Amino acid sequence: MTQLSDSGGLSRVLTGDQRLTERNITLRGIGSGGIVAALAGLGLLGIAVTIIGAFTAAGGGDAGLRYALAAYHVGFTAVIGMCLGSLFWVMVFHLIGVKWSVTIRRQFENVMRAMWICLILFLPLIILETLLQGVLFKWMDPSITADDYLYEHKAGYLNIPFFLLRSAIYFGCWILLIATFWGLERKQDETGDRWLSNKARFTSAWGLPVFAITVAFAGFDWLMTLDFHFFSTMWGVYFFAGAAYSAMALNILITSLLRGAGRLEGVVTKEHGHDQAKLLFGFTVFWAYIAFSQYFLIWYSNIPEETRYFDFRQEQYPIATAVLVLGHFVLPFLFLLPRPAKRISGYVAFFAGCALALHVLDVWWVIRPMADAKLISSGKLDAPKGISMLWLDLAGIVGVLGIFGAVVARNVFSGPLIPVNDPRLKRCLENKNYV
């Protein structure tokens, strides 16, 4: 039997199946240069505006830099969440042996493979923070932490050398996992060795615990410590919930765009879309459960270091808070709950696009207040700029998303759109929903 490779051909699994022709499961014939260049150009323009804003916004000086870095950090956190969520779904699908997911898995792999650009995007943020001794990460600022009782008890964990070491460990673990899975996938595409699926399953078995620990602590380090007085034992799960949610939404959008381009006909069907919608709906509920549980426990305990974190956001960003409650849970819960709704591809794609926008808003709601505040939990506040800095927020977010999108688009165009020699491919094509 022949195979689908860079030179063309058919799958070893289903030779002769017209759904697996080169025309249907690759993007040959559609130029990638214009799409990748447009996304990269948009990203570079956004980054350039962000840099200009760092020197000119809010009268320039420290305030402008704070807002620029906050916008950039929002963009970085949003894309690293999509990357990590995609890695999570790849591992879960391999570990459980989910047959229906085979034809959508490649797009998760294409997103997770963009981890290298996330690492590059992380470097300017962390270099500026360490050199300037805490623009957003206030625990790096000696003038704020001096004689701070709470910081003294956290200094063994919150110090720059250990912070940098932990960040290096996180990226090292993630890149190792991604390289392992992608190496196995490429080899299976080339050789058709069915036992490589077992190796991927074994890797998932130890990879998921490593993933859980590193993602939780990355959420603590890069988000929760922005206000180092605040603490929440649920924060790691909150960060993970947003990552898995946004990754599924992005996968739905990518597969919808590919089907709109005339690809994946009969390969990603209404049945697969129904399963994607069920998972998007499930993580809508999961995110809301974690977010509410965290809020409720903090409200109930009434500890000042915790409650001020939420009080400030509710007082200064009431519209964003209301939009998150309604848009991130109430509306998608109601509109995606009926079974028929999950089977309308355009309808689900619309909510997936909204989910990505609300994922970014959720991250913005966490990070942006640190540009308005010296230290929220201590009451050391500047006069919040509110929506007057929205242009800078958009520039930083669009800049990072554009660069990330260019890398993902290049990955999508670089090879087959599905794992062509996965032994479960035949069962995947026969997928049927009864629930």
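User: Why does Val323 count as partly exposed?

Analyst: This is a predicted model, and the value is computed from it. Val323 has 34% relative accessibility. Buried means under 20%, exposed over 50%, and partly exposed in between. Val323 at 34% therefore counts as partly exposed.

User: Where is Val323 found, and what is it in contact with?

Analyst: Val323 is found in helix H13, residues 318-336. Leaving aside neighbours within four places in sequence, Val323 is in contact with His328, Leu358 and Leu361.

User: How do you know that the span of helix H12 agrees with what it should be?

Analyst: Take 1.5 Å a residue. The 13 residues of H12, 304-316, should then span 18 Å. The end C-alpha atoms are 17 Å apart, which agrees. Among the residues of H12, Glu306, Thr307, Tyr309, Phe310, Phe312 and Arg313 are buried.

User: What describes the packing of H3 and H17?

Analyst: Two packed helices are described by the angle between their axes and the distance between the axes. For H3 and H17, the angle is about 35 degrees and the axes are 8 Å apart. Their crossing is right-handed. The residues of this contact divide into 14 nonpolar, 3 polar and 1 charged.

User: Which residues have the most contacts inside the largest nonpolar core?

Analyst: They are Ile80, Trp174, Trp222 and Phe404, in a core of 134 residues. Helix H3 gives the largest share of this core, 20 residues. Not counting residues up to four places away in sequence, Phe404 touches Val79, Met82, Cys83, Val111, Ala114, Ile117, Cys118 and Leu250.

Notes
Residues numbered from 1 in each chain as written. Predicted model: local features only at pLDDT ≥ 70, side-chain atom pairs only at ≥ 80, totals over all residues. Heavy atoms only, no water. Helix = DSSP H or I, 4+ residues; strand = E, 2+ residues; numbered from the N terminus. Expected span 1.5 Å × (residues − 1). Buried < 20%, exposed > 50% of the residue type's maximum accessible area, 1.4 Å probe, protein only. Core = buried A, V, L, I, M, F, W, Y, C linked by side-chain atoms within 4.5 Å. Contact = heavy atoms within 4.5 Å. Axes fitted to C-alpha atoms, helices over the stretch in contact; angles between N-to-C directions. Left-handed = near helix turned anticlockwise from the far one by under 90°. Nonpolar A, V, L, I, M, F, W, Y, C, P; charged D, E, K, R; others polar.
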